[in-house]
Amino acid sequence: MTAARGPRFAASIAAAVLLLSPLPSSAWGREGHEIIGIIAAHYLTPAARGRIDALLGADRSGLTRNTGIASESTWADRYRDSDRRGGAIRYRRTREWHYVDIELAAPDLGMACFGRPRLAPGVPASKGPADDCIVDKVDEFSAELADPATTRAERLRALQFLLHFVGDLHQPLHCADDHDRGGNDRRVLSPARRAASLHQYWDTVLVEALGRSSGGVANRLIASISARQRRQWSSGAPADWAMQSFRIARSVAYGDLPAADGSGRYRLDRRYDAAAINAVRVQLQRAGVRLALLLNRALTPQAPR
Ligand SMILES: [Zn+2]
C-alpha cells in the first residue's frame with residue numbers, strides 16, 4: 001500500500017506530494033507477508049520449491065535479506081520505495097500495482113483496473129504500464145512464470161512480484177476504497193488506545209494481534225487449515241479473490257466501523273476487533289494457499305490446472 005494512493009494530480013503537485021508524504025505503510029506489513037510466504041512454502045511441490053530457491057538465489061538487489069520465500073515476499077514494497085526520495089521511477093511505475101481501488105458505492109473491477117490494459121506484444125510484465133491493477137499483475141506474472149520463453153531475469157522479477165502481490169490482494173483494504181485512499185485517510189483508535197490509520201490498522205496492528213513471531217503464527221494458521229478449506233480456496237481466479245477481499249472490506253473493515261467521534265476519529269471496540277482479527281486470520285490463510293497454488297501451477301509441469 002501507499003500513502004500517495006488515489007486520484008492523480010498534475011505532475012508538479014504529484015512531485016511535491018511525493019516529497020512531503022510519509023513513507024507508506026507496507027501492505028500487510030513485513031510480518032503479514034512473511035506469514036503468507038511461510039504458509040505458501042508449506043504447500044509447494046518439491047519441484048516448485050527447487051525452482052523457486054534457484055531463482056531467488058540469483059537476487060542481487062540487496063533489498064531484502066533474501067533468506068527465502070518469506071523474506072523475498074517483501075521485495076516488491078522495498079523495490080517500490082527504493083527510489084521514492086530520488087528519481088522515483090520504480091515508485092511511479094509500480095505503485096498502482098499493489099492494489100485495486102474498487103469503490104464501495106459503485107463497485108466496478110474493470111474501471112478500478114484502468115480498463116484492464118493488455119501488455120503490448122514483447123513487453124515484459126515488469127515493464128508494463130504504470131496504470132494497471134493488482135489483479136492484472138498477478139495474472140501477468142503467473143503467466144510469465146509458467147512460460148518457458150520468459151528470460152531468466154524477468155522470471156525472477158515475476159516471482160518476486162507474485163510472492164508479494166498475492167498477499168496484498170488478500171488485504172481487504174487493498175481491494176476497496178471509500179474515497180479515503182483505501183482507509184489511509186481515516187484515523188482509528190484501537191480498544192487498547194493505539195492510534196493508526198484504518199489502513200495501517202489492517203496492515204499491521206491486527207496481524208500483530210495474532211502473535212509477534214511470523215513462524216509461530218504461520219504454523220498455527222497452517223495447523224488449522226482443513227483439506228476442505230484448501231479445496232474451496234483453490235477455486236476461482238485472482239479477479240474473484242479480489243472481489244472476495246472487497247466484500248470483506250465492505251462488511252467488516254468499513255461496515256463495522258462505529259460513527260466517528262467529534263474529532264473525526266473512529267473508536268474501535270472489542271467487537272470490531274474480534275470480527276476484524278477473524279477476517280485477517282482467514283485472509284492470511286487463503287493468501288498462503290492461493291500463492292502456493294499459483295506457484296505450483298506455474299512451476300510444476302504436471303500440477304493440476
Ligand atoms: Zn505492497
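Helix 2 is largely enclosed by the rest of the structure, because 12 of its 14 residues are buried. Here a residue is buried if 20 or more other C-beta atoms lie within 10 Å of its own, exposed if 12 or fewer do, and partly exposed in between, with C-beta atoms placed from the backbone. Helices (H or I, at least four residues) and strands (E, at least two) are DSSP runs, numbered from the N terminus. This is a predicted model, where local features need pLDDT of at least 70 and side-chain atom pairs count only at pLDDT 80 or more, while totals for chains, interfaces and linings use all residues. Residues are numbered from 1 along each chain as its sequence is written.

The buried residues in helix 2 are Gly29, Glu31, Gly32, His33, Glu34, Ile35, Ile36, Gly37, Ile38, Ile39, Ala40 and Ala41. They pack against helix 4, helix 9, helix 10, helix 11 (214-223) and helix 14 (270-299); contact means that two C-beta atoms, placed from the backbone, lie within 7 Å. The length of helix 2 works out too: its 14 residues should span 20 Å at 1.5 Å a residue, and the end C-alpha atoms are 21 Å apart, which agrees. The expected span is 1.5 Å times one less than the number of residues.

Pick out isoleucine 39, which sits in helix 2. This residue counts as buried because it has 26 C-beta neighbours inside 10 Å. Leaving aside neighbours within four places in sequence, isoleucine 39 is in contact with Ala218, Leu221, Ile222, Gln285, Gly288 and Val289. Isoleucine 39 and alanine 223 are 184 residues apart in sequence, yet their C-alpha atoms are 10.0 Å apart in space.

Now for two helix pairs. Axes are lines fitted to C-alpha atoms, for helices over the stretch in contact, and angles run from 0 to 180 degrees between N-to-C directions. Angles under 35 degrees count as roughly parallel, over 145 as roughly antiparallel, 65 to 115 as roughly perpendicular and the rest as oblique.

| Helix pair | Angle | Axis distance |
|---|---|---|
| Helix 2 and helix 10 | about 70° | 8 Å |
| Helix 3 and helix 14 | roughly 90° | within 9 Å |

Helix 2 and helix 10 are therefore roughly perpendicular to each other. Gly29, Glu31 and Gly32 on the helix 2 side meet Asp203, Thr204, Val207 and Glu208 of helix 10. By class, that contact has 1 nonpolar, 3 polar and 3 charged residues. Ala, Val, Leu, Ile, Met, Phe, Trp, Tyr, Cys and Pro count as nonpolar, Asp, Glu, Lys and Arg as charged, and the others, Gly among them, as polar.

Helix 3 and helix 14 are therefore roughly perpendicular as well. From helix 3 the contact takes Ala47, Ala48, Arg51 and Ile52, and from helix 14 it takes Leu295, Asn296 and Leu299.

Beyond its neighbours within four places in sequence, leucine 295 is in contact with Ala40, Leu44, Ala48 and Ile52.

Helix 8 is another largely enclosed element, since 10 of its 13 residues are buried. What covers its buried residues includes helix 7 (109-112), helix 9, helix 13 (238-253) and helix 14. From first to last C-alpha, helix 8 (residues 134-146) reaches 18 Å, close to the 18 Å expected.

Most residues other than glycine have a negative phi. Asparagine 66 has a positive phi near 50° and is found in the loop between helix 3 (46-56) and helix 4 (69-72). Asparagine 66 is partly exposed, with 15 other C-beta atoms within 10 Å. Threonine 67 lies in the loop between helix 3 and helix 4 and counts as exposed, with 9 C-beta neighbours inside 10 Å. Histidine 179 also has a positive phi, about 55°, in the loop between helix 9 (152-169) and strand 1 (187-189). Histidine 179 counts as exposed, with 11 C-beta neighbours inside 10 Å.

For the protein chain as a whole, there are 14 helices and 3 strands, and buried residues make up 46% of the 305 residues.
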